[in-house]
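Have a look at the fold before reading on.

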Amino acid sequence: MRVLSVLNQKGGVGKTTTSSALAHGLALSGNRVLAMDLDPQGHLGASLGADSDRPGMDSVLLEGASPEDLMRPAREGLQLLTSGARLMQVEQQGGGGPERGWRLKAAIDGMSDVADWVVIDCPPSSGLLVMNGLLAADDLLVPVSSDFLALQGLSTLMQTLQRVEQRLGAWSRKWLVLTRFHPRRRLPREVQDKLLEYFPDQLLRTAIRDNVALAEAPGFGQSIFEYQPDSNGAADYAALVEDLKQGRVH
Ligand SMILES: Nc1ncnc2c1ncn2[C@@H]1O[C@H](COP(=O)(O)OP(=O)(O)OP(=O)(O)O)[C@@H](O)[C@H]1O
Ligand SMILES: [Mg+2]
């Protein structure tokens, strides 16, 4: 079982788009996948056409409910745990020791009979929810959108992730993926060059092009592979699935 958390404290960089496409893409290529919506906004659940308010991650993290009891089949090979209406309470809870950050890992451990991949969509913040996503992960995937401000704070984020892991005795492989890419524009190509310069071993080979079908699909509760299987978005995310499986960088 590989646990992949999709994480970046910056908002709107493509975390949920990437989580939805990877979760369904991995399922379509024959894996048993469990997708977890760790964002109180509930966008991953909604993107896949589910009711995000039904109990899910909130019960797992607040009451220690078992993911297996709450996950629901979303597609062939794909199970989904929605955020639930109370997930925000995790951030607001005081008290509890350092073990609060390990709750998700504890809940997932022992699920290898159920899933080959767990894909976790994290919220755009840096609180306890993201800490749970970080400490549960074997692989961390940081989407970076190809605009001017995207690189701001990225080095700090990567260093912080590593420091937190070192301090808490966790370890993950860390990957970056360029999203909303315009191959013919100068600025996005400069962003790509910079990423290659600073993170040559971590930037996954496929850049996800800006593609309107990716923006439209969630409105229909469909993954990109259902909504427009012949789109650039579907092609790019299918390639990204392979990048991840094989650790394929530039
Ligand atoms: N490659 C793409 N091409 C076109 N639109 C995209 C692409 N990737 C993401 N989008 C759109 O950009 C917006 C932000 O994407 P998304 O919701 O995936 O980001 P996010 O990082 O999950 O946001 P948040 O931080 O709020 O959770 C959405 O409207 C989405 O449809
Ligand atoms: Mg999101």
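A residue is called buried here when its relative accessible area is under 20%, exposed when it is over 50%, and partly exposed in between (1.4 Å probe, protein chains only). With that in hand, take Ser 145, which counts as buried because its relative accessibility is 6%.

Before going further, some ground rules. This is a predicted model, where local features need pLDDT of at least 70, side-chain atom pairs count only at pLDDT 80 or more, and totals for chains, interfaces and linings use all residues. Residues are numbered from 1 along each chain as its sequence is written, chains are lettered from A and ligands numbered from 1 in the order in which they are written, and side-chain values use heavy atoms, with hydrogens and water left out.

**Around Ser 145**

Ser 145 sits in strand S6, residues 139-145; helices (H or I, at least four residues) and strands (E, at least two) are DSSP runs, numbered from the N terminus. Its side chain makes a polar contact of 2.5 Å with that of Asp 147. For that term, think of a pair of N or O atoms within 3.5 Å; within protein, one must be able to donate a hydrogen and the other to accept it, and residues adjacent in sequence count only if both atoms are side-chain atoms.

What does Ser 145 touch, not counting residues up to four places away in sequence? The list is Val 13, Ala 150, Leu 178, Thr 179, Arg 180 and Val 191, with contact meaning heavy atoms within 4.5 Å.

Two of those partners deserve a look. Arg 180 is in the loop between strand S7 (173-179) and helix H9 (186-198), and it's partly exposed at 49% relative accessible area. Its phi is positive, about 50°, even though it isn't a glycine. Most residues other than glycine have a negative phi.

Val 13 belongs to the loop between strand S1 (2-6) and helix H1 (15-28). Its relative accessibility is 2%, so it's buried. Besides Ser 145, Val 13 is in contact with Asn 8, Pro 143 and Thr 179, leaving aside neighbours within four places in sequence.

**Pairs brought together from along the chain**

| C-alpha pair | Residues apart along the chain | C-alpha separation |
|---|---|---|
| Val 13 and Pro 124 | 111 residues | 9.2 Å |
| Leu 78 and Val 33 | 45 residues | 4.9 Å |
| Ala 207 and His 182 | 25 residues | 9.2 Å |

Leu 78 is in strand S4 (residues 78-81) and is buried at 1% relative accessibility. Its contacts, again without residues up to four places away, include Ala 23, Ala 27, Val 33 and Leu 48. Ala 207 lies in the loop between H9 and helix H10 (212-216), and at 16% relative accessible area it's buried. Leaving aside neighbours within four places, Ala 207 is in contact with Leu 178, Phe 181, Gln 192 and Asp 236.

**The whole chain**

Stepping back, the protein chain has 12 helices and 7 strands. Its radius of gyration is 17 Å, close to the 18 Å the globule rule gives for 250 residues, so it's as compact as a globular protein of that length. That radius is taken over C-alpha atoms, and the rule is 2.2 Å times the number of residues to the power 0.38. The C-alpha trace spans about 50 × 40 × 30 Å along its principal axes. Buried residues make up 51% of the 250.
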